[in-house]
Amino acid sequence: ERKRKKKEMKDAAAAAEAAKQDEAMDEDAGDAEADTKDKAEGGEAEKDSTPKSSSGKDDNVPSQHRRALDAWRSGYVVPIRLAVEVTANLCAGSAPEEAFEPHRHGGDEDDEMMMWDSDDEAKLQAESAAQGSSDEGDTNPRDVGLFRSVAEGGVPDRLFDLLRSVAAFATSAASLATGGAPMPTDAAEDLSDLLAKTGACLMNALANLPWRTSSDDAGGGDAVAASGGAVKLWGGAKERCGAAVAAYLSASSSSAAEGQNGRGLAAAAVSASTSVMAAVLRHRPSAIPSAVGEDDLRSILALLELGAEETDASSPAADPSADVRRDAVSMLGLLTSLPHSSEANDAVCVALLSSLGRARTENPAVTCEVLGVLMDLYGSYDDPNDPRGHEEVFRKRDALGAFTRGADAFRKRVREEERAGRVGEDEVEVWRECSLNAGRFVKYKKG
């Protein structure tokens, strides 16, 4: 009996222990289920709380993508962009105070063909004279020392190396996008913005810093000679421009979204390169004979057609290659301001008139530049027999007729842009003045 009771007690203890273990296992299972649910809910909350992009839209991208984008910006884009912005200000110097308030034209919506009358023209001429007199004078003495320090520190060369590096990366990314691996929109916008700021910074450096080639310094003076100089800039920018143009054309042949992504990146790389090329011609003209050849002229003429067939008259701001075409026109104007052959003049004339024929759809900023270059090219010499005026080319190509039609189309396009409110007052003011000058040019050529 004692053995039986002992066995029952032992069995009861074992049963109690087993029940305790089962209860513990049930609790562990419940905890695990609760943890899984909490993680799922937390993940959903993390996804819902994804921060918005710089454009204010919810990208709805995975959290890993967002973390990668934040790392890209904080570790690469933002520090470089801030450094470039500060350097651009250092290279800009102290701007003089404005000597006048820009003229504001209210306009009469019913006056379509008589956009600007003689009173407007007189005011614009007076303002132009006032602005010209206000810009006279030497550079601020404080800026002279600052510019020298920036140049001696090798900043311009570092800027150029940065431009080449970023442009090469953008060109590579454009090719990958065309191949089906587009760059995220936010990252592509960051890259385009960085290229634009770096190009603008280099333009300031070329305009103001004593940063010249050895040949520039041969005439004396105490200008600082930096390695490479203007010739190096031209050659390097031209190389990057050629690679980016190839990527742009490849992307343009694709109608997919990947092609559009690649085209935008490539256009940014081309634009940054052409802005530097134009600045070299404008601010370092002594480098032109040794840097620019016939092949360069043909390349610039080709740039004038880049993306021209894709322009949208209702959305000029959406044209990624308009700045490239404007830079190309500016470069043609700078090159033809120097002595050149009739053959070169004819090639430039044909290209500019072709662009002018698109005035109703072309970006007004490009057409404004075209009109200005044509007026400089064929209005600088009063004697029609002066070979420097290339009057024979002007007549052979019926340039006056094409110019008149283009100027009329430009006038109407400017009015459309102004009414639609797509551009600012300052830009419209420049276009108005260009249109007035074009009208005077036509009267001058007609005698």
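Ring pairs link Tyr378, Phe394, Phe403 and Phe441 into a cluster. Rings of Phe, Tyr and Trp (its six-membered ring) are taken to pair if their centres lie within 6.5 Å, with planes under 30 degrees apart counted as stacked, over 60 as edge-to-face and the rest as tilted. The model is a predicted one, in which local features need pLDDT of at least 70 and side-chain atom pairs count only at pLDDT 80 or more, whereas totals for chains, interfaces and linings use all residues. Residues are numbered from 1 along each chain as its sequence is written, and side-chain values use heavy atoms, with hydrogens and water left out.

## Overall composition

The chain contains 17 helices and two strands. Of the 447 residues in the chain, 40% are buried; buried means under 20% relative accessible area, exposed over 50%, and partly exposed in between (1.4 Å probe, protein chains only). The chain exposes about 23800 Å², and carbon and sulfur atoms supply 52% of this area. Such areas come from the Shrake-Rupley method with a 1.4 Å probe; for residues, only the protein chains shown count as cover. Among contacts between residues at least 6 apart in sequence, 78% join residues at least 24 apart, a contact being heavy atoms within 4.5 Å.

## The aromatic cluster

The structure holds five aromatic pairs. In one of them, the ring centres of Tyr378 and Phe394 are 5.0 Å apart and the planes stand at 50°, so the pair is tilted. Tyr378 belongs to helix H14 and Phe394 to helix H15, so this pair ties together parts that are 16 residues apart in sequence. Tyr378 counts as buried at 1% relative accessibility, and Phe394 counts as buried at 5%. The rings of Phe403 and Phe441 have centres 4.8 Å apart and planes at 55°, so this pair is likewise tilted. Phe403 lies in helix H16 and Phe441 in helix H17 (residues 425–446), so the pair ties together parts that are 38 residues apart in sequence. Both Phe403 and Phe441 are buried.

His390 is not a glycine, yet its phi is positive at about 50°.

## Helix packing

Two packed helices are described by the angle between their axes and the distance between the axes. Axes here are lines fitted to C-alpha atoms, for helices over the stretch in contact, and angles run from 0 to 180 degrees between N-to-C directions.

| Helix pair | Crossing angle | Axis distance |
|---|---|---|
| H2 (residues 63–92) and H4 (residues 141–152) | about 135° | 9 Å apart |
| H12 (residues 322–336) and H14 (residues 364–378) | roughly 10° | within 9 Å |

The angle between H2 and H4 is about 135°. That makes H2 oblique to H4. Angles under 35 degrees count as roughly parallel, over 145 as roughly antiparallel, 65 to 115 as roughly perpendicular and the rest as oblique. Leu90, Cys91 and Ala92 of H2 make the contact with Leu146, Phe147 and Val150 of H4. By class, this contact has six nonpolar, no polar and no charged residues. Ala, Val, Leu, Ile, Met, Phe, Trp, Tyr, Cys and Pro count as nonpolar, Asp, Glu, Lys and Arg as charged, and the others, Gly among them, as polar.

H12 and H14 cross at roughly 10°. That makes H12 roughly parallel to H14. On the H12 side, Ala322, Arg325, Arg326, Val329, Ser330, Gly333 and Thr336 meet Ala365, Val366, Glu369, Val370, Val373 and Leu377 in H14. The contact of H12 with H14 has seven nonpolar, three polar and three charged residues.

## Two buried positions

Thr274 has its place in helix H9 (residues 257–283) and counts as buried at 0% relative accessibility. Not counting residues up to four places away in sequence, Thr274 touches Cys241, Leu303, Val324, Asp327 and Met331.

Leu163 is placed in helix H5 (residues 155–178) and is buried, with a relative accessible area of 4%. Leaving aside neighbours within four places in sequence, Leu163 is in contact with Leu195, Thr198, Gly199, Leu202, Ala272 and Val276. Leu163 and Gly236 are 73 residues apart in sequence and 9.7 Å apart in space, C-alpha to C-alpha.

Technical notes: Helix = DSSP H or I, 4+ residues; strand = E, 2+ residues; numbered from the N terminus.
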